[in-house]
Every structure is written in structure tokens, then in C-alpha cells.
Amino acid sequence: MKKKVAIIGSGFASLAAACYLAKDGYKVEIFEKNDTIGGRARQLKKDGFCFDIGPTWYWMPDVFERFFADFGKKPSDYYELEKLSPAYKVFFGDEDSITIEDSLDKICAAFEAEEPGSSMKLKEFIKEAKVNYDIAIKDLVYRPGVSPLELVTPTTAGKIGQFFSTISKEVRKEFSNTKLVQILEFPVLFLGAKASNTPAFYSFMNYADFGLGTWHPKGGMYKVIEGMEELAKSLDIKINTNSPVSEIFVENDTASAIQVNGKKIKAHYILSGADYHHTETLLPEYKRQYKESYWQKKTFAPSALLFFAGFDKKLENVTHHTLFFDTDFEKHAKAIYDDGEWPEDPLFYASFPSITDDAAAPKGKEAGTFLIPLAPDVEDTPEIREEYFQKIMTRFESLTNQNVSDHLLFKESYCVKDFKEDYNSYKGNAYGLANTLLQTAFLRPKLKSKKVHKLFFTGQLSVPGPGVPPSLISGKLVAGLIQKED
Ligand SMILES: Cc1cc2nc3c(=O)[nH]c(=O)nc-3n(C[C@H](O)[C@H](O)[C@H](O)COP(=O)(O)OP(=O)(O)OC[C@H]3O[C@@H](n4cnc5c(N)ncnc54)[C@H](O)[C@@H]3O)c2cc1C
């Protein structure tokens, strides 16, 4: 008889784990609380517009290729990918912006124009970043974080200094132009912490940015979820939506079943891709590995205030991905990581997928997603959301030199309360537990419970960390650990 695995949640990590387990002969069933799958990567459709609610940047295409190749497939079997050109644009003030093009040579030219001599330094920096990428993304991140020894290899031994220096220090050693520094520090924001708190080794994110480029799946990131759903169904995985798990049963120190909509469902293994903190609350208290005080001390990735807006015209002076770094980055970071407050003058990010993708908006119209990173658990009211929408719209209009307010057809907002309600997210975090030095690999919450046999975890609060590519890898890692148990 096939052993059964019951999986909580249907985000990238759960779907990936499900596919690996099913391929290896397990009977897999997924239980998702929401009415659609995809977790943080769900989709919002309104009046002919289509928005990705969560991830919008498709980076590290090789990780997606490796995932599908494990099943004899390619991303192109499920969705069409386009390399964005330009990759993105960064505003630093009125009539002051830098466009990041789609090749290192073009990016070097932009750096040189900003700071003479910087292009040679950039080439060297990216060369080192590529070495780190090859070590990290092709090898280290595929280790399950069970032991510190996993990180000790002949190649990492020579890199030990990079674990004790930070991205911020290394970038500032070479570059003095503030704008170039901000651009080089931007990619680590995906890891959830400040560049000054992120090990220099993580410069592999800069290689992902400038070396591998920014891609877009036609139809949006949700196309990747749909591709994984198709793969999952071909592997006979059963997916249940509207199925919140309200309890994990433990018998003789072993996870034996879950409670879903009043029904007890037995399984040989329970795997949770829901937020780690939440999953542990489904257990009796004495079976939880981490106390509330543990979670409170951790550095969480930010939460976010998002707006999904439909405009009745095409917008000008923006690219598919546009960053607004025209205010004090340090002050905003302090509000997020030190003070736990709303930032006074926030930096923000905007995405206009309809510039490159007709599926995102009706003809002649523009879909816009605006995102302000926030401290987890800040007060969230309709009034505060509106105040911040007005703040960023005023700046947006001035920086991009156009009126958009009169062309707004609708806007939907999404913030801390929604993250909590929709995903049972701890403090409303948007993308998990940050990858700081003390929250890397074996120092992260474990994939396998230390207190309950046959209970496993996956996803952005566990190993290896936040982001879509790490979530795919997390699913593979945990499936490997389950297989090892048998
Ligand atoms: C606004 C935003 C922007 C982002 N941008 C990017 C980006 O551009 N690029 C990138 O790579 N990454 C980005 N990320 C991060 C990326 O989306 C996440 O790291 C990834 O999607 C997390 O996947 P996961 O499987 O770990 O968790 P989730 O997607 O959170 O999946 C967990 C699932 O568990 C379900 N669940 C919770 N509790 C229960 C329960 N009791 N019973 C049943 N189901 C339950 C939830 O509903 C959810 O579906 C972004 C995230 C956000 C929020």
C-alpha cells in the first residue's frame, strides 16, 4: 500500500514537495484553506485586469528549469517566458532615474555614466557574485539545514570572511555613488533583511539580478502555479481548496491525522507548507518546538501595503518593474527593522505588467501594482491605507511627470490584516523569515519536527528561505527528508 502524505497549504513549497513525493510513490493530498491555490502567489482579477497578488519578479530561471526537469518537463511546457528589456527602472528624484537594461554590458555603461571607473569594479563584483551563485544556488541551498557541517566544503572554506562581512560593507568598499550603492543593495531586499545585516556571501543575488536577468511569464506569475497544478494533477495528487486544517493529531509522539472541516483525515506523514508559527499552534502546546519568545526575537521579512489599480490609459515614463528610491532608504529601513512603525516617507515599488503583457489589462489601459514594505504587525486601518495611497500617488505623479489620479478606474488594497487572515501569517509578514547570518541554513526553523515524529515543515519560514526559487527548493528538500525516513 502506498503511504499517504497530507500536505497543509498549496503555496510554491507545498506544491513542489507534493510533486516530488508523488513521483516517489506516495499518495499525496493537499488541504488549502483558501478557495484558490498558490498561497502568497494568488491572483486578483477585476474588470478585465489581472494582478499577481504576491510575487512579480521572476529571478533565477535556472531554479525553475531544474524543478521541472526533475519531472522530465520544461517551464515552456507550461508557460511562456520573456526576458524583460529593460529589466527595471529606478527613480531617485524628479528627472533623475537609472534604467537597468537586460545585459551586463549595458548595465556597465549605465554605471560608467553615473560614476566614471565604476564599470570595471562592477564587472569584478559580478564575477565574484557568480562564483557565490554557483556555490550557493547549485549546491548549498539544496542541503537540508540539518547540520552546520553541510556548509563546510572546500569552496566555502575559502569564503568564510564573506559570512562575517555584509553586502553593505562590500558594496561600499568599491562604490561611493549613493545611487549605485542603492541599486546594488536592492536585490538582498528579497531576502528580507537590510543589506547591513546580510552576509556578503549573498551577493549571489546581484548575479541573479545583473547576470541572469529579470523574466516574466506571460499571463503573470500565477501561470507558474497553474503549471505546477497541471504537473501535480498528472501525478495523481488530490488538491482540496476551502479546506482549513484546524488541528494536527499526535498519538505516541507521532503525527497521525489532521482535522479539516470537522473531519479527521489520517496520514502516514503530515507536511505543512503553511507559516511555521501557525502550524505549531495546531499542535498541543507541549509538542511545539519553538516558544512565542523564539518567534518574537526573530528578524522577519517585512509585511507590505499593496494597491492593485486599474488605469483607463497607458502610463508614461515607467517600465514593467519600477522602483521609487527618492526618499531616505535608511530611515525607511529603521522604521521597518528597528522601530516597528509606519515609515514617514516610504520608498515604494510599482509594477505595470500590462506594458509587456496584454493579458494584464484591457487594450489601451494599464494595470498597476504598488507596494510599500512595512514593519510586520503595524496598525492597519482603511484610513492609514488611504493616507499612504495619496502619499505615493503624489510622488508618483511628480516623478513620472503625469496625472494618473484622474485616470484611476479602481484600486484594491492589501495589508497586514489580509496577510494574517488569508495565510495565517505571523504578524502579517509578507515573505517569511529573513536570511540574516543567524537565520541561515541550519540556524533556521527545521524542516523536520524535533518533537513529533512524521511531522515536517516546508516554505519560506524554514530552509532555505524567502522567495519563489527558495520555496521550490524547500519543497524538494523536505520531500527528500521524508523519503529518507522510509
Ligand atoms: C507581496 C509579495 C511580493 C513578493 N514578491 C516576490 C517576488 O517578486 N519574487 C519572489 O521570488 N518572491 C516574492 N515574494 C515571496 C514569495 O511569494 C514567497 O516566498 C513564496 O510564494 C512563499 O511560498 P510558500 O509555499 O512558502 O508559502 P505560501 O505561499 O504562504 O503558502 C502557504 C499556504 O498555506 C495556506 N494555509 C495557511 N494556514 C492553513 C491552514 N490552517 N490550513 C490549510 N492551509 C493553510 C495558505 O493559505 C497558503 O496558501 C513575495 C511575497 C509577497 C507576499
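Reader: In strand E4, which residue is the bridge partner of glutamine 43?

Author: The model is a predicted one. Strand E3 spans residues 43-46 and pairs with E4 in the antiparallel sense over four bridges. The two strands form a hairpin with two residues between them, and aspartate 47 in the turn has a positive phi of about 45 degrees. Within this pairing, the partner of glutamine 43 in E4 is aspartate 52.

Reader: Which residues of strand E4 point the opposite way from Phe49 and Phe51, and are the residues of this strand buried or exposed?

Author: In a regular strand the side chains alternate between the two faces of the sheet. Strand E4 covers residues 49-52, with Phe49 and Phe51 pointing one way. The residues are all buried, and those that point the other way are Cys50 and Asp52.

Reader: Which residues come nearest to the ligand?

Author: The shell around the ligand has 20 nonpolar, 16 polar and four charged residues. Of the 40 residues around the ligand, those that come nearest are Glu32, Arg40, Trp57, Gln460 and Gly467.

Reader: What kind of aromatic pair do phenylalanine 201 and phenylalanine 204 form?

Author: A pair of aromatic rings is described by the distance of the centres and the angle of the planes. Both phenylalanine 201 and phenylalanine 204 are buried. Their rings lie 6.1 Å apart, centre to centre, with 75 degrees between the planes. Planes over 60 degrees apart fall in one class, so the pair of phenylalanine 201 and phenylalanine 204 is edge-to-face.

Reader: Why does threonine 319 count as buried?

Author: Threonine 319 is found in the loop between strand E14 (303-311) and strand E15 (321-324). A polar atom of its side chain lies 3.4 Å from the backbone nitrogen of lysine 89. A residue is buried under 20% relative accessible area. Threonine 319 counts as buried because its relative accessible area is 12%.

Methods:
Residues numbered from 1 in each chain as written. Predicted model: local features only at pLDDT ≥ 70, side-chain atom pairs only at ≥ 80, totals over all residues. Heavy atoms only, no water. Near = heavy atom within 4 Å. Nonpolar A, V, L, I, M, F, W, Y, C, P; charged D, E, K, R; others polar. Buried < 20%, exposed > 50% of the residue type's maximum accessible area, 1.4 Å probe, protein only. Pairing = 2+ DSSP bridges. Phe/Tyr/Trp six-rings, centres within 6.5 Å; stacked < 30°, edge-to-face > 60°. Polar contact = N/O pair within 3.5 Å; in protein donor to acceptor, adjacent residues only side chain to side chain.
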